[in-house]
Amino acid sequence: MKIDEFLGLFLAFSFLFFGFSCFFAPRMKKEFERYGLPKQRKLTGILQLLGSAGIFFGMFTGPALSLMALAGLTILMSLGVIVRIKIKDPWLAVLPALTYAVLCGYLFYAILPQM
């Protein structure tokens, strides 16, 4: 398994977990209230689940689907970084969203030449 395939699976399963967490984890409900975005919690969960599915199925159907999913997830996670900075979270709390934004962006550019 190549590193890009491993990273794709890692991201797909991560966003699958995060997406479901937005619907079912009480902690996520409190976090979105703390962000000042309680109405965006379910939308965020849907986008994460769609992104997860896009990465996963794109591994089998060709890069176009993965590229769309990764572009969306890079934007979503970048917005997450901005929200955390705006609410003055400590940098250690910003780091996970920043890491996922960078990983999604990296994988996007890594598979872009396959188009």
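Start by selecting Val 102, which sits in helix H5, residues 91–111. Keep in mind that the model is predicted. Val 102 counts as exposed because its relative accessibility is 51%, and the cut-off for exposed is over 50%. Ser 78 and Val 102 are 24 residues apart along the chain, and 8.6 Å separates their C-alpha atoms.

Next, select the whole of H5. The helix has 21 residues, and the distance from its first C-alpha to its last is 30 Å, close to the 30 Å expected at 1.5 Å a residue. Center the view on Ala 97, where H5 bends by about 25°. Ala 97 is also one of the buried residues of H5. What do the buried residues of H5 pack against? Show H1 and helix H4 (63–86): these are their packing partners.

From here, move to helix H1 and pick Phe 20. Is Phe 20 buried or partly exposed? Its relative accessible area is 40%, so Phe 20 is partly exposed.

Phe 20 belongs to a nonpolar surface patch of about 880 Å². To display the rest of the patch, select Phe 13, Leu 16, Phe 23, Phe 24, Leu 43, Ile 46, Leu 47 and Leu 50. Two elements give two or more residues to the nonpolar patch: helix H1 (3–24) and helix H3 (41–61). H1 provides the largest share, five residues.

How values were computed: Residues are numbered from 1 along each chain as its sequence is written. This is a predicted model: local features need pLDDT of at least 70, side-chain atom pairs count only at pLDDT 80 or more; totals for chains, interfaces and linings use all residues. Side-chain values use heavy atoms; hydrogens and water are left out. Helices (H or I, at least four residues) and strands (E, at least two) are DSSP runs, numbered from the N terminus. Buried means under 20% relative accessible area, exposed over 50%, partly exposed in between (1.4 Å probe, protein chains only). Patches are made of residues with over 30% relative accessible area and no salt bridge: like charges are joined within 9 Å, nonpolar side chains (Val, Leu, Ile, Met, Phe, Trp, Tyr) within 5 Å. Accessible areas come from the Shrake-Rupley method with a 1.4 Å probe; for residues, only the protein chains shown count as cover. A salt bridge is a side-chain nitrogen of Lys or Arg within 4 Å of a carboxyl oxygen of Asp or Glu. The expected span of a helix is 1.5 Å times one less than its number of residues. The bend at a residue is the angle between axes fitted to the seven residues ending there and the seven starting there. Contact means heavy atoms within 4.5 Å.
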